[in-house]
Amino acid sequence: MSVSDYTETEGLPAKDREPYERWSYDLASAKLYIPRLADGQDRWFAAALSSEKGKAPSRLAVFAEQPQHKRWEMVSVVDLDSQKLPDVALDREGYATAVAANDNKQLAADADLLRTAVLDNFTTGGTNTGSKVFAPTKASKRQVKVHSDAATRFGDKGTSVFDEADNRFTDAYALKTEDGGALVLFSHTHTQTDAVAHSGLQINPGKEDRAWLHDVPRMSIRYTFVCNDAATVPAKAEPSRLIGYTCARTDASGPPVPSWSHRA
């Protein structure tokens, strides 16, 4: 996701590039959720972060140890739709409890089911799994709106369709919450394919697409998005709540219109 930001910026003329603003967080107000892990378990922790001193946290991040690099890295960050954090269960010494994010029979949904539901929000507007797994929240409604807006974006001149894509980022993290459920952080990958309705029409890439599409008109464009998601999951058989998600376009491709193909 970070690399795609650089790629998109490098595709712009110098005059169109926004000055780089480094994202940072206030250490004093950061809330750390450090799980007590057994020997041999992967080492990681979650943090609720605020970009300004004295402000409530607006992002949830996961930091994980990367033994091959001999360092810690931020492997996930989610923008929260609400500044009210889930109540993570802490022991007497302040440690959180890590629980299995997948194949956990103590939870109403695991990371794989949550990922399927998120993808359904984009691909069908939540018609199938999405509306069954999630209670309506700002985050889930935003995903459904992305689907509905795309469906009418081109009118009768084209289509815009979402689909699931191969997901390289299958790691997921979960912390026990005070109600017996869990806070689950995971990732997903989806595509959006825009296509003209018939020959004679073309899609003109926007300036943010220049790094991948080079201002060449296309018959169709397939965008790939990598996203981080956060949800609270109850212990009972009740709907989960999507509390935030963050996406980045990581690729775009598509066939040029015939006149450009012949020119090439």
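Which residue forms a salt bridge with R43? I found E65, with the closest N and O atoms 3.2 Å apart. I count a salt bridge when a side-chain nitrogen of Lys or Arg lies within 4 Å of a carboxyl oxygen of Asp or Glu. R43 sits in the loop between β1 and β2, while E65 is in strand β3 (residues 59-66), so I noted a link between distant parts of the chain, 22 residues apart. Strands here are DSSP runs of E with at least two residues, helices are runs of H or I with at least four, and both are numbered from the N terminus.

Before going on, I jotted down that this is a predicted model: local features need pLDDT of at least 70, side-chain atom pairs count only at pLDDT 80 or more, and totals for chains, interfaces and linings use all residues. Residues are numbered from 1 along each chain as its sequence is written, and side-chain values use heavy atoms, leaving out hydrogens and water.

Next I looked up D194, which forms a salt bridge with R153, their closest N and O atoms being 2.7 Å apart. D194 is in strand β7 (residues 182-196) and R153 is in the loop between α4 (138-151) and β5 (158-164), 41 residues apart.

Is D194 buried or exposed? I have it as buried, at 1% relative accessibility, whereas R153 is partly exposed at 48%. The cut-offs for relative accessible area are under 20% for buried, over 50% for exposed and in between for partly exposed (1.4 Å probe, protein chains only).

Last entry: my search of the whole structure gave 14 salt bridges.
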